[in-house]
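Hello,

Here is the structure I promised to pass on to you. Please have a look at it first, and then read on for my notes.

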There are 6 protein chains.
Amino acid sequence: MFSHTINADVKLRLLEIRHADELFRLADQNRVYLREWLPWVDSTTASVQTEGYIRSSLKAFSENNGFSAGIFYRGSMAGCIGLHAIDWANRQTSIGYWLAANYRGMGIMTSACRALIDYIFYDLSLNRVEIRAAALNAKSRAIPERMKFRNEGTVRQAQWLNGHYIDLVIYAMLKEDWTSDIVQSG
Amino acid sequence: MFSHTINADVKLRLLEIRHADELFRLADQNRVYLREWLPWVDSTTASVQTEGYIRSSLKAFSENNGFSAGIFYRGSMAGCIGLHAIDWANRQTSIGYWLAANYRGMGIMTSACRALIDYIFYDLSLNRVEIRAAALNAKSRAIPERMKFRNEGTVRQAQWLNGHYIDLVIYAMLKEDWTSDIVQSG
Amino acid sequence: MFSHTINADVKLRLLEIRHADELFRLADQNRVYLREWLPWVDSTTASVQTEGYIRSSLKAFSENNGFSAGIFYRGSMAGCIGLHAIDWANRQTSIGYWLAANYRGMGIMTSACRALIDYIFYDLSLNRVEIRAAALNAKSRAIPERMKFRNEGTVRQAQWLNGHYIDLVIYAMLKEDWTSDIVQSG
Amino acid sequence: MFSHTINADVKLRLLEIRHADELFRLADQNRVYLREWLPWVDSTTASVQTEGYIRSSLKAFSENNGFSAGIFYRGSMAGCIGLHAIDWANRQTSIGYWLAANYRGMGIMTSACRALIDYIFYDLSLNRVEIRAAALNAKSRAIPERMKFRNEGTVRQAQWLNGHYIDLVIYAMLKEDWTSDIVQSG
Amino acid sequence: MFSHTINADVKLRLLEIRHADELFRLADQNRVYLREWLPWVDSTTASVQTEGYIRSSLKAFSENNGFSAGIFYRGSMAGCIGLHAIDWANRQTSIGYWLAANYRGMGIMTSACRALIDYIFYDLSLNRVEIRAAALNAKSRAIPERMKFRNEGTVRQAQWLNGHYIDLVIYAMLKEDWTSDIVQSG
Amino acid sequence: MFSHTINADVKLRLLEIRHADELFRLADQNRVYLREWLPWVDSTTASVQTEGYIRSSLKAFSENNGFSAGIFYRGSMAGCIGLHAIDWANRQTSIGYWLAANYRGMGIMTSACRALIDYIFYDLSLNRVEIRAAALNAKSRAIPERMKFRNEGTVRQAQWLNGHYIDLVIYAMLKEDWTSDIVQSG
């Protein structure tokens, strides 16, 4: 029921149990494409696992510790975006996301991220947000770079992905450096 | 972050921890007015209790067992609406709500209820929804009556309210009888 | 070990784990007869499920939130009676029961109910007790009617029973209206 | 509600939350007398602690792991008897009890124990039951001795009691050695 | 990582998850020999059960309620020793142990026990420690006897072992009677 | 009881509840010195908080998810070292540590770290370990630098420390790059 409108075409919906089938189907149809950079794809082989993922995301949300939202483009689920665990003591969090292949190149993810970052800094009053992208995943890295996130370094062999370790680049934005959509539209 | 737009003026927002202060303040300012029909008002004397209420509502939401939303009128919190525990075996639930005094008589609650009922029947695929109103609370009873809920009976002394028992009228709507806003606007 | 003597022939025993086999057998032998009005019969196919039911009933009892008792007639288990969740804030509860076919028509259930209601009003100090019976189940409805419970209304499609919804009649007794066995025998 | 009749005068009742006040009062009135051999007396200073004790006993009962019953003499609470944790792997348990001062010397405790032991051997199908009594508490030791329990040894400094350690005598009865009341009355 | 050195050859290591395979293998290779006196041998048929045992031992350790350590002889696992639940109210605990066949007769277990008892009395400040040995297991009984534990009695049919009950002898040592290795070496 | 010997003077002991007083006292005596870089110092004002910290560290240890050890120099507690949460999916962890003022400059921490890293790579079979040090804390940074950890970048405003945010430098060591003490001494 609950959503966040990004623009005329794009909406985020807080994932509920009832979205499990649609979310699994989307991941399943993009399996070959997604598994290149996402470690959970190969082991997600049934809708019931997706439901488990949604349950644990909702539990995190109920504990003020992040959430997962579906990205909807003209009413169809196109991908997923969310906040990982929130470090309230240090007022920081990190963003994760993925998009189905045929929704890329339309600016969907960047605008979704911008909305999330406004929420992070202005509603949750956090101070810092990270995006970690695989060092060799140029498309994923383009998103924080386009939003002027700072590249703070590369953590080596930080993720196990389908049989080998990959390096991750840490991108971060501080509240004091953020130029909001909201301010722009003000 | 997550909301449901009812119309140009009215929005429902899923209550998060950060809404606790605003929600408590609204209840506190309407204390005399609200306590006439709501049993929790007298014992809610600090924002931390409201936060506890929001936490347990979010927990219910994460377990697919109801939720609480704030009703916002032109950006200000005006009241609360939600689903109590969901009986999945029998596919039914019930709606509860309250509105601050100065937002009454504008059709806010009826349109919020209609949106919720659409969600109940079409998104959650439930079959039956109840609204229980105090037998002597004419304003509260007007809402289900306006939406053509059936009066199924009066349960006597069903609620302890500030020192005495009151009777509650059970109103119910079945899916097969519901005329949706969505259908109307279709 | 713990029982409540109704009369020379009838006893209630708080169900313990060790009663699981006997209770399952009784339900299993009355399967065709019981499934007409009880939704759990078809899905109860092994003693271990009955044990799970007893465990959860004992847990409710340990939390002051209802219980289940076996009805014993001349030492043999004849059926089941219990209190569903207790609403302490509003001091009310509801009674559920079933009896094997060959023990019907002997007044067993009415006397068991009367004993339970005495306990509800005089030991637990509750104020209101409900019995919900299927609208078309004349035998079950006869029990609250015989005890002068008030018919407060019919909740439509309130229970999913083997593939269709059925209506339930709400019967209720208030403490102020109860004529006790205990008082009668005093 | 649930009780076990020992004889015309004596009944055991499974302790429920509602017995907390009566049980606390009894212990409180016998404080000086009871503290000589019971370690919990000095630290039990309010009814809410007794309620906590009953709650944990009910939880044990719901987990098939012992229980506590009130001993009632002609309708008045006279003491307490129960089973400590049940060792199902080895099919054994132990009995604990206490009696208010003015109910002593009437055979109440011995008959209560005999009933409990019948339950232990014939309903729970356990194989062994222990009673541990303070080595210097002649009255408490008389009970297992009267029932022909075997003295298996003295465990030294086994209990901390109001500032010093005391020795406990282990008495035990095996199922194969038990002469039941039930058999006697048969 | 964490160990306790007994002497040049013998070390105790707090069991971690990663020891599960080695511990299971040791028990598995000594299956025939160990099952004579240990009830868990027959039902332990896979390493995952041993891991479960280590997990629950670590949980007990984290709750200040006992632990399990591997006994290592010249770097190889030779057996197991540990503290069962700690009774803090009465400041007592008990020791359990077993050794693989080819490590017997070298004094390993006695020196491991002596180290543990020093820890029990001087680090944990307990007052009493028990060792329970099967009445017919002469080798196991020799260990507490060699350390001058007092034989306090025999509890009959106290353990179910592969189809029959066995008697256990209770050996106990009080702090006031303990002659420590540490003191001796002082 | 359980320890890891680093050299003739230095030992690590897995922290148990009974170490709470000694650990609190050490932190308390070094309060002014430690608070410069450790966020928990100001809010740790009683031994019971230190006990809570030890409990949660033991719980993590029991779940195979890190631990805390006391560093002992010639028998006296000198500081603390441990593993934060273990990321088993990606086989990595991070090390945290602190040392009381008068134990600095003796190489204690570097040798403790080296022992821990051997454990991480060879016993736990992890692949990567991080040390995060405040960018302005030269002494703390010297430790990973001395061990040839790679500086992978600086995460800005990553920690809230007594009223302001500080930057942290990420140092990391991969298993393939590690030159062990053990190998050296081999």
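Before anything else, a word on contact, which here means heavy atoms within 4.5 Å. By that rule chain A and chain E do not touch, and their nearest C-alpha atoms are 21 Å apart. Chain C and chain E are not in contact either, with 21 Å between their closest C-alpha atoms.

Some housekeeping: this is a predicted model, in which local features need pLDDT of at least 70 and side-chain atom pairs count only at pLDDT 80 or more, while totals for chains, interfaces and linings use all residues. Residues are numbered from 1 along each chain as its sequence is written, chains are lettered from A and ligands numbered from 1 in the order in which they are written, and side-chain values use heavy atoms, with hydrogens and water left out.

**Chains C and B**

How is chain C related to chain B?

The contact draws 25 residues from chain C and 25 residues from chain B. The two copies meet through the same surface, because 100% of the interface residues of chain C are also interface residues in chain B.

The size of an interface is often given as the accessible area lost when the parts come together. Buried area is counted that way here, with a 1.4 Å probe and summed over both parts. Between chain C and chain B it is about 2,000 Å², with 35% given by carbon and sulfur atoms. Glu152(C), Arg156(C) and Gln157(C) supply 34% of what chain C buries against chain B, more than any other three residues.

Four salt bridges are counted between chain C and chain B, each being a side-chain nitrogen of Lys or Arg within 4 Å of a carboxyl oxygen of Asp or Glu. One of them joins the side chains of Glu152(B) and Arg156(C), at 2.7 Å from N to O. On the side of chain C that touches chain B, the elements giving two or more residues are β6 (128–134), β7 (150–161) and β8 (164–174) of chain C. The largest share, 10 residues, comes from β7(C). Strands are DSSP runs of E with at least two residues, and helices are runs of H or I with at least four, numbered from the N terminus.

**Chains A and F**

Chain A can be laid on chain F by a turn of 180° and a shift of 0.0 Å along the axis, with an RMSD of 0.0 Å. In chain A, Gly153(A) has the C-alpha nearest that axis, 2.1 Å away. There are 25 residues from chain A and 25 residues from chain F in the contact. About 2,000 Å² is buried between chain A and chain F, 36% of it on carbon and sulfur atoms. Glu152(A), Arg156(A) and Gln157(A) account for 34% of the area that chain A buries against chain F, more than any other three residues.

The salt bridge count between chain A and chain F is four. Among them is a bridge between Asp177(A) and Arg156(F), at 3.7 Å from N to O.

**Cysteines**

How many disulfides does the structure hold? Over all chains there are zero, taking a disulfide as a pair of cysteine sulfur atoms within 2.5 Å. For Cys80(C), the closest cysteine sulfur is in Cys113(C), 12 Å away, which is too far for a bond. Cys80(C) is also buried, at 4% relative accessible area; buried means under 20%, exposed over 50% and partly exposed in between, with a 1.4 Å probe and protein chains only.

**Two loop residues**

Most residues other than glycine have a negative phi. Arg74(D), not a glycine, has a positive phi of about 45°. Arg74(D) sits in the loop between β3 (67–73) and β4 (76–83) of chain D, and is exposed at 61% relative accessibility. Lys148(F) also has a positive phi, near 65°. Lys148(F) lies in the loop between α5 (138–146) and β7 (150–161) of chain F, and is exposed with a relative accessible area of 69%.

Best wishes

Conventions:
Buried area is the accessible area (1.4 Å probe) that two parts lose on being put together, summed over both. Copies are superposed by least squares on the C-alpha atoms of residues with pLDDT of at least 70 in both.
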